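The model is a predicted one.

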Amino acid sequence: MVIFSACNPKNLKDRRGQDSEIDSVAGNEDVARYLKSFKGLGALSDSSEAPAPQQMLDEFHYPDDLVVELALSEPAVNQPVEISFDHRGRLWVVQYSQYPYPKGLKVINVDNYLRVTFDKVPQAPPEGVKGADKITFYEDTDGDGIYDKATDAITGLNIATSVTLGRGNIWVLNPPYLLAYPDPDGDGIPNGPPVVHISGFGMQDTHAVANSLTWGPDGWLYGAQGSTTTSTISSSGTKNLFLQGQAIWRYNPKTHVVERFAEGGGNNPFNIEIDEKGRIFSGSNGVDRGPYYKQGGYYIKSWGKHGPLSNPYAFGYLPNMELKGEKKRFTHALIKYQGGSLPARYNGKMIAVNPLLNYVQLTRFEPNGSSLKNIDEAHLLATNDRWFRPVDILTGPDGAVYLADWSDSRLSHVDPRDTWNKTTGRIWRIRSKENPVSQTEFDLNRYSGEQLLQLFKEKNNWFHKQALLLLGDRKDKALLPGLLSLFRTGDAQVALEALWAIHLSGGFTDAVAKEALHHKDPYVRMWAVRLLGDEPSVPAEMFAQLSALATRETHPEVRSQLASTAKRLPVKEALSIVKNLLRSHNDIADPDIPLQIWWVLESKMDTDNREILDFFKDHRIWNNPVIEQVVLKRTMQRYMMTGSAENYSSAIELLSGSPSTRFSRILVNGLQEGFGERNMKELPSGLLKLLQPFQTEFGEAPLTLDLKTGQKAAMDQALAVIADENAEMGYRLTYARIMGEIDQPRSVPVLLKVIENGATSGALREAALRALSRYNMEEIGERIIKAYPGFRADHQDRLAALDVLATRSLWTKRLLKEIMESKKISKDDVPEQIARRFKLLEDTEVDKNAERLWPAIKPLLSAEKVERMNKISALVASSQKADPQQGRLLYLSTCGSCHKLFNEGGIIGPELTGYERSNLQTLLINIVDPNADIREGYEVQRILTTDGRVLEGRITGRNGDDMTIQPPLGGREIHLSSNQIKEMKAAPASVMPERLLDKMSDQQLRDIFSYLMKKDK
């Protein structure tokens, strides 16, 4: 990260004024304290004054064949966050003046990344509090290249990031809403109040909210979401789509369906670019140029900060485009130049803005299998003036390149104080030196259908996109004959655009699709595959065409789309495509296709596992490198992570069907990876029996006995194996676990490096964390906490780390400090069962802070218990109908992890089937007050070890001086000898929480008790 320091901010508010502003947005004292004490990072405001536009222009450096001009500046425009052009060539600007805090909302929680929680959800405009954001369009009335007429189209917006026109509406992103203002005449002035099409976009970080509305050639409206927001979005066609962190989403205005198109990218996308082939790009907040997003793809994220991928079984991610060039942060917005006006050497090149380092980058694209690579060529524009902050870029109807300049000495969002300059903003134009701006007035809305088709022949791709948008608005089937003629007789690019227009006009029939699948141009074929996959279903004849294409296709981008589309199809069709891709091609070296094939198979494993297992009966596919190197290990890993009886059975079938020892080794490694630190005794006997010959063949960990008998040479060798990333995973796991069983402090540095290494597998990191818990060193807690963001996305590792930190008061205090003060760890990461464990430490300071952070762990008073029991009694006795089937689902998600009822559920707690369930009062006493009567055999012991740990668990076995301790909520057993136990006594409380039912609605309470009290299933 490049860090700039703020110095002598004489032109800024004094500290008292800044603190007053924080008080105005803080919803409580804790938030106010944290925000006031937060030290800003990055490019902060300084004492310099904004240079005059001409002064800045004079300091620009650019090639001799280009000219840079000022198109618009303050006071006509302020804080321009996004720019676009409409069908009349008018310049639209979103002015983000309300940023960073929505008006009328209070911050009630904040983390160390300055992600906040507001006290309420704002009403959709025009209701609710009016903010300072507005959307304005500008016109050049005298043709001199300066926009001299401004019209405010929409005002009073409150955190608005994007605008686009189409389908008779002005579409506006004003998180948490996507709004459509009716504009049937296309004059840019709304004809009425907006309609909410999507709600639920996150607002936790207003520099990363939903943004960049862009029409795709498929007729969907695309948008981006930044890295530090979390959304659960809904439309009339889709409910509760979860987006955590960076993502590309799309919305179909016809069907009202909203989809996650792809997620991740390692960036904070505040930009979408769709090129002439329909490929989707966004910039990067890192040192590369960003991803080429594939449909359904998963891309890298900053796991600790941004959270995990939506699919816990993705087991990998696609890389951003490979870069050869300057590794400097950051080019977050880009275009692929296709304007036809700049000199020929710029055509088809990437032009990307770097607001942090005040330049514009020129980069070329080159093929890289099914993806692309980027090669930097030069800075297209550069300056030493740090007030130049280009944040958006696009090609205009004149073929020039336009830049939205935020124009502020500050760029960093990592400061809670609103010291942004609200009075500046510029729009710059980059044009050819040989081609002065000459844009005649036009209105594409007035063009006939035939005139729109002629726009496909324009040099400037901007007109092509506008023609597609208007054709999609009109859906004029009378144009289909002309479009079909273009599709069949035009060049490759015209044929592709004609295919898009045919689809938008309602003419994408099976006959057209078949013709497109056999087209000579690969991008026509690619889009035929894509459009078929977007249909609700694919007819049998067309599926046969897709499957056949998978066999003969020579172009990697088309094969990549076939994999993307297969993921969307029913299992039979999906596996047919995958088989043909594997039988006919070797794509192991491709940057994207191997994982895309895994994701096709993974997507069917929950619903169609029988078909997946049958797929592997064809031993010919095992020899394909994609299956051998990518798919096999992940398949076994997924079965073991899911951990149900059905999945263990699948693991047995897959392993027993392995055609050779080579493949068996891969499957066993996947088994170890997926099973993690759980006790192998949990595995069914059939699988354990099947593993026996492989254990013999692969060899037991050879140093085990020597380690346990204290041989120094063995210790040296074992530590070397643990540290060796290329060593056998089974050996590394075994030796790491042994370090937690024997007293060898020499292992601590090695184990710490294991957990700190981002490339460490989840299973090995978990083993290392468990082993480290044995060693009473302050440094261990500190380094686990410091490394925690790097593995936070891995559920098992996260829980293991928190579990370890809960074993010692010293570590727990450090953890609570991080949660309360630096907020580098969120209190929401700590599940209640671990928070309740803190009380076992019997430390007054820990108790006080833990109850402050997690009030639910504080014991209920007797009156509170009686109140809860009376309420539930009344609900159950009421005449309102209860639904036992819904009650069953509630039982399985709430109680079923511990208790078995009607042969469903876990075995951690007593089985309930034969329990006195018809007696409501007995049930209530045991549920609302679980500590009143802890069933014999299920008591949990609080154990203080001689090395200072506080553990809890049930004693499940004794062998001489050795005891087997089972953690109360499952996990790997702990083996302790009597000389390792300093103190052991029954824990004062059940592991079952008192407030188990508090989050249920009245109807849910009726439902769950109707199921619990059933006589039989």
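## Helix packing

Helix 9 (residues 510–517) packs with helix 11 (residues 540–552) at an angle of about 5°, and their axes are 10 Å apart. Angles under 35 degrees count as roughly parallel, and the two helices, helix 9 and helix 11, are therefore roughly parallel to each other.

On the helix 9 side, the contact is made by Asp510, Ala513, Lys514 and Leu517. Helix 11 contributes Glu541, Met542, Gln545, Leu546, Leu549 and Arg552. The residues of this contact divide into 5 nonpolar, 1 polar and 4 charged.

An open sheet is formed by 3 strands in the order 18-19-20, with antiparallel pairing. Strand 18 (273–274) and strand 20 (292–293) are the edge strands, each pairing on one side only.

Strand 19 (residues 280–281) is joined to strand 20 by 2 bridges. Ile280 has Tyr293 of strand 20 as its bridge partner.

## Cis peptide bonds

The bond from Tyr99 to Pro100 is cis, with omega near 15°. Pro100 sits in the loop between strand 3 (91–95) and strand 4 (107–110).

The peptide bond from Pro175 to Pro176 is cis, with omega near 15°. Pro176 is in the loop between strand 9 (169–174) and strand 10 (177–182).

## Positive phi values

Gln79, a residue other than glycine, has a positive phi near 45°. Gln79 lies in the loop between strand 1 (66–73) and strand 2 (80–85), and counts as buried because its relative accessibility is 0%.

Lys475 has a positive phi near 50°. Its place is the loop between helix 6 (461–474) and helix 7 (480–489). At 40% relative accessibility, Lys475 is classed as partly exposed.

Definitions and conventions: Residues numbered from 1 in each chain as written. Predicted model: local features only at pLDDT ≥ 70, side-chain atom pairs only at ≥ 80, totals over all residues. Heavy atoms only, no water. Axes fitted to C-alpha atoms, helices over the stretch in contact; angles between N-to-C directions. Helix = DSSP H or I, 4+ residues; strand = E, 2+ residues; numbered from the N terminus. Parallel < 35°, antiparallel > 145°, perpendicular 65-115°, else oblique. Contact = heavy atoms within 4.5 Å. Nonpolar A, V, L, I, M, F, W, Y, C, P; charged D, E, K, R; others polar. Pairing = 2+ DSSP bridges. Buried < 20%, exposed > 50% of the residue type's maximum accessible area, 1.4 Å probe, protein only.
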